[in-house]
Amino acid sequence: MTLKCKENLEIEIHHHPHYQSLNDKLMNDFSNLSFADYHPYKNTNIRGSQLNFANFEPSSIPKGITLIENWVQQIIQSKLKLPLSYKFTTWAAKLDKGQETIDHSHLYVASFAFVYFVNTPIGASPLVFTTSGKRIKAESGKLVIFPASLRHKVPINKCDNRVTIASNIVLIEKRE
């Protein structure tokens, strides 16, 4: 039997203090990489372009990605105060006009997830938590950390080149 519950979970929102220079560097790095276009046979919720860093050699991952992952780790670590290991599965998503991310969660694959807004032209769609209807405005430099079980989507986008970085985060307790 499956029961459905309305979530009442916390969402963390932060803003990077140096987001303009960070995002400029990320956009420059992304311009030298190939985003994969959406195809119906691929298993993805993103109905736009995606760049998955899981198969990259660590030395070829843009430094800004590692910086954001470290920032997220510091935020989570400051709240939990437990000896933990972190495993990030990070990607970049680019939505152009008329594209979207369908309603989904990261339940069963992660403890937490995050979205970091890199490029948010006028008309960039918000991040929407569908069960509660909470809408997080797309603003460059904004970081949203949330429990992986929260359902979310990005409605039809109204601009070109809306770029975000997202990740699944698995927390593993360190045994002493």
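Mentor: Let us begin with a rule: two strands are said to pair if DSSP finds at least two bridges between them. Strands (E, at least two residues) and helices (H or I, at least four residues) are DSSP runs, and they are numbered from the N terminus. The model is a predicted one, so local features need a pLDDT of at least 70 and side-chain atom pairs count only at pLDDT 80 or more, whereas totals for chains, interfaces and linings use all residues. Residues are numbered from 1 along each chain as its sequence is written, and side-chain values use heavy atoms, with hydrogens and water left out.

The part to look at is an open sheet of seven strands, whose order is β1-β9-β6-β11-β4-β3-β2 and whose pairing is antiparallel. At its edges lie β1 (12-15) and β2 (36-37), each of which pairs on one side only. Strand β4 (residues 84-95) runs antiparallel to strand β11 (residues 162-173), and 12 bridges join the two; here Phe88 stands opposite Ile169 of β11. Strand β3 (residues 49-52) also runs antiparallel to β4, to which four bridges join it, and Ser49 has Lys94 of β4 as its bridge partner. Elsewhere in the sheet, β6 and strand β9 (residues 142-147) pair in the antiparallel sense over five bridges, with Val115 standing opposite Val144 in β9.

Helix α1 lies across β1, β3, β4, β6 and β11, and it runs at about 90 degrees to β6. Helix α2 packs on the sheet too, where it touches β1, β4, β6, β9 and β11, and its direction makes about 135 degrees with that of β4.

The helices also pack on each other. Two packed helices are described by the angle between their axes and the distance between the axes. For α1 (residues 19-31) and α2 (residues 63-80), the angle is about 135 degrees and the axes are 9 Å apart. Angles under 35 degrees count as roughly parallel, over 145 as roughly antiparallel, 65 to 115 as roughly perpendicular and the rest as oblique, and α1 and α2 are therefore oblique to each other. Where they meet, α1 brings Leu22, Leu26 and Phe30, while α2 brings Gly64, Ile65, Leu67 and Ile68. By class, this contact has six nonpolar residues, one polar and no charged ones. In this scheme Ala, Val, Leu, Ile, Met, Phe, Trp, Tyr, Cys and Pro count as nonpolar, Asp, Glu, Lys and Arg as charged, and the others, Gly among them, as polar.

Note on methods. Axes are lines fitted to C-alpha atoms, for helices over the stretch in contact, and angles run from 0 to 180 degrees between N-to-C directions. Contact means heavy atoms within 4.5 Å.
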